[in-house]
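Reader: I would like to learn how to read a structure such as this one, feature by feature. Could you take me through it with the general idea placed ahead of each case?

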Amino acid sequence: RNEYVDLYVNYKFNKSVQKPFEDFMQGFLRGCPARNWKMFSPEELQVLLQGHPRFDWHLLEKNVIYAKYTESDQTIRNFWTVFHELPEEKKKMFLVFLSGSDRISGYGLEPFRFCIADPQIEHPDESSPYASTCRLTLFLPR
């Protein structure tokens with residue numbers, strides 16, 4: 001039985017996918033030669049391809065650019081107070097809302113900048129915040 005299980009598992013996980021994997025690997029290496037990837041450790045390569053999974057949220061706050069707002073505006077102070085009280089998963093959901101991804105590029109938070117802008121609408125209490133993911137801009141009504 002053990003031999004049968006071992007052979008079956010080997011077939012399912014290795015032999016049955018060998019040809020599709022070799023085709024994928026050949027195409028991948030044609031566009032991204034292996035010698036270019038060997039300089040990275042597996043952890044570095046994962047961060048490079050998938051982005052950072054953990055963040056310094058205070059650094060994110062420090063890097064924000066304000067349009068028609070200042071850091072001292074009550075709306076901005078309220079926003080950051082509420083933001084920092086959110087659990088980690090909700091903060092990542094904010095990143096998805098803002099940028100379309102819950103991760104930051106492999107460069108980290110240091111160069112990551114987004115903008116909080118006042119949309120200057122007539123009735124701000126009747127409007128919800130919205131984002132431009134292409135421009136990394138959060139439109140936050142007063």
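Author: Let us begin with a single annotated position, bearing in mind that this is a predicted model. Cys 134 sits in the loop between strand E3 (130-132) and strand E4 (137-139), and the UniProt annotation "active site", from an unreviewed entry, covers Cys 134.

Reader: Is Cys 134 buried or exposed?

Author: Exposed means over 50% relative accessible area, and Cys 134 is exposed because its value is 79%.

Reader: Which residues have the most contacts inside the largest nonpolar core?

Author: In soluble globular proteins, nonpolar side chains tend to be buried together. Here the largest nonpolar core has 19 residues, and Phe 79, Trp 80, Phe 114 and Ile 116 have the most contacts inside it. Helix H5 (57-62), helix H6 (74-85) and helix H7 (88-99) each supply at least two residues of this core, with H6 giving the most, four residues. Leaving aside residues up to four places away in sequence, Phe 79 touches Phe 94, Ile 116, Leu 138 and Leu 140.

Reader: With which residues does Arg 142 form salt bridges?

Author: A salt bridge requires a side-chain nitrogen of Lys or Arg within 4 Å of a carboxyl oxygen of Asp or Glu. Arg 142 meets Asp 73 at 3.7 Å and Asp 118 at 2.5 Å. Arg 142 lies in the segment after E4 and Asp 118 in the loop between strand E2 (115-117) and E3, so this pair ties together parts that are 24 residues apart in sequence. Through shared partners, Asp 73, Asp 118 and Arg 142 are joined into one network.

Note on methods:
Residues numbered from 1 in each chain as written. Predicted model: local features only at pLDDT ≥ 70, side-chain atom pairs only at ≥ 80, totals over all residues. Heavy atoms only, no water. UniProt positions renumbered as here; feature names shortened; annotations may be inferred. Buried < 20%, exposed > 50% of the residue type's maximum accessible area, 1.4 Å probe, protein only. Core = buried A, V, L, I, M, F, W, Y, C linked by side-chain atoms within 4.5 Å. Contact = heavy atoms within 4.5 Å.
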